[in-house]
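Hi,

Here is the structure I promised to pass on to you. Have a look at it first, and then read my notes below.

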Amino acid sequence: MHRRVRAVQIAEVFAAIRQEADIPLEFPAEAVSEATEAQPADVEREDLRSIPFVTIDPPDAFDLDQAMALESLGDGRIRLRYAIADLGSFVQPGGPLDKEARRRGITVYCPDRRVPLHPPALSEGAGSLLPGEERPAVVFEIDVDGDGGELRWDVRRAMVRSRERFDYRGVQAAFDTDDPPEPLALLRPFGEARIRRGIERGAITLRLPEQEAARSGDRWTLLNRPQMEAERWNAEVSLLTGMVAAEMMVGEGTGILRTLPRPTSDAIGRLRGEAKSLGIAWNADEAPAGILAGLDPTRPRQLALFEAATRLLRGAGYLGFSDGEPSGDIEHAGVAARYAHVTAPLRRLVDRFTLAACVAIAADEPIPSWVGEATDEVAETMQYTDQRAGQVEGRCLSALEAWVMGERVGDSFEAVVLNVEADRAEIWIDEPPIMTWAEGVRAKPGQVVEVTVRDVDVIRGKIRFTQDD
């Protein structure tokens, strides 16, 4: 007989997690007033309203940071125009809105609510690249050849008007039926070419399953959302833009980079050993990027190697600099290149500063003093608030996993063992999608075992399993 558990209200748990992490919920009146009344700065802008920009975002998103348009230049060459919300033209440096954004750092995404970086009047209104609306933007124009190699780039302020809003499922469905919308018709060849170049550089991509919280009234469920190819192609647009921005700022000697240390030879060696124990062939001369690119996350042993490879990508940070080209290892190992966050100014503090730097560099003008004076401070703020957001989002997800499993006490599930430490194992259950550590599970990574839910602790985000014989 199953025992149904509903000891707590999950919304109260989410609220307690945010409160414990000191996540600021309400905006000061002065910041709200500035956001509501803000008008874009009166600066020279190119008129790009005739370009058929479109956006690709989750269906429930209104803070639309980017819009793109792709154009064929012949001979396999593609011109990318990537319009990014020009939030810096709305925010007064040192004003109430700027101060509050520096306190928050980043938008925090919880299952029950989004805690935004900026008041919605700006982030979901005047600053958002909503379809049919004229908006100020910073436009990166990047030409690539048939192999995805950069040929030239330019950055400028412009007025744009997004034609239409798409979501990933709709875009993927359109490509699956060979009927993509015209402004996105080149997204696939662009994305695939850039993915190939990334593998050649050594970029490490981990295609782990994603969990998506879904709510209907007071009931919650978790959905397994596999990554679609259209998402990978779209990500390459943002990655290329961030790489261009990083090169611009490093060349000028002022900016903020997103960094990640290269994996050590010992870490790569351990991953090779885990691949061997999982029965996955790995040629001696093949880099991690190559082996991971060929894995299928729907196969248990290969999913286990994806999870093990997360240990190659640890130590991400932000590096601010303003006195010349920074020294040392300044690349992002996951991208295998210098990289900067520049494409999400509505949701990340740092992007407003990096965008302003890139606009000035492209125009051969001095970088604004409010950027150069704040590079170290913004880097430190992003480091702290990014980590805080990740912890809050992770704890909320663990609590929701336990809450969902509260109705399944006594039920048994097939679980893929991803990782093993002492007498516990990290496991993945397909339905409902759960990734958690289970005490008392004894198996090897890549094995599929039967586990039974014995108890849950929603407040601590813990699920107690036993392994079935």
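Predicted model: local features only at pLDDT ≥ 70, side-chain atom pairs only at ≥ 80, totals over all residues.

Which residues other than glycine have a positive phi? Asp-75 is one of them, with phi near 55°. You'll find Asp-75 in the loop between β3 (66-74) and β4 (77-85). Ala-336 is another, with phi near 60°, and its loop runs between β13 (317-321) and α11. Are these two buried or exposed? Asp-75 counts as exposed because its relative accessibility is 76%, and the cut-off for exposed is over 50%. Ala-336 has a relative accessible area of 17%, so it is buried, given that buried means under 20%.

Next, the open sheet. Five strands make it up, in the order β16-β15-β14-β17-β18, with antiparallel pairing. At the edges are β16 (434-439) and β18 (462-467), each pairing on one side only. On average, neighbouring strands of this sheet are turned by 50° against each other, ignoring direction. Inside the sheet, β14 (residues 412-421) pairs with β17 (residues 448-457) over five bridges, in the antiparallel sense.

A cis peptide bond joins Glu-431 to Pro-432, with omega about -5°. Also have a look at Arg-424, which lies over the face of Trp-437, 4.0 Å from the ring centre.

There's another arginine over a ring elsewhere: the charged end of Arg-165 sits over Phe-62, 5.2 Å from the centre of the ring.

Now for rings with rings. How many aromatic pairs does the structure hold? There are three. One of them is Phe-175 with Trp-233, an edge-to-face pair at 5.1 Å centre to centre and 70° between the planes. This pair links distant parts of the chain: Phe-175 is in helix α5 (residues 168-176) and Trp-233 in helix α7 (residues 229-252), 58 residues apart. Both Phe-175 and Trp-233 are buried. Phe-353 and Trp-370 form an aromatic pair too, edge-to-face at 5.2 Å centre to centre, with 70° between the planes. Here Phe-353 comes from helix α11 (residues 349-362) and Trp-370 from helix α12 (residues 369-372), 17 residues apart. Phe-353 has a relative accessible area of 1%, so it counts as buried.

In soluble globular proteins, nonpolar side chains tend to be buried together. The largest core in this model has 57 residues, and Met-68, Phe-140 and Leu-187 have the most contacts inside it. A second, separate core has 39 residues, including Val-409, Ala-425, Ala-438 and Phe-465.

Cheers!

Notes. Residues numbered from 1 in each chain as written. Heavy atoms only, no water. Pairing = 2+ DSSP bridges. Helix = DSSP H or I, 4+ residues; strand = E, 2+ residues; numbered from the N terminus. Axes fitted to C-alpha atoms, helices over the stretch in contact; angles between N-to-C directions. Phe/Tyr/Trp six-rings, centres within 6.5 Å; stacked < 30°, edge-to-face > 60°. Buried < 20%, exposed > 50% of the residue type's maximum accessible area, 1.4 Å probe, protein only. Lys NZ or Arg CZ within 6 Å of the ring centre and 35° of its normal. Core = buried A, V, L, I, M, F, W, Y, C linked by side-chain atoms within 4.5 Å.
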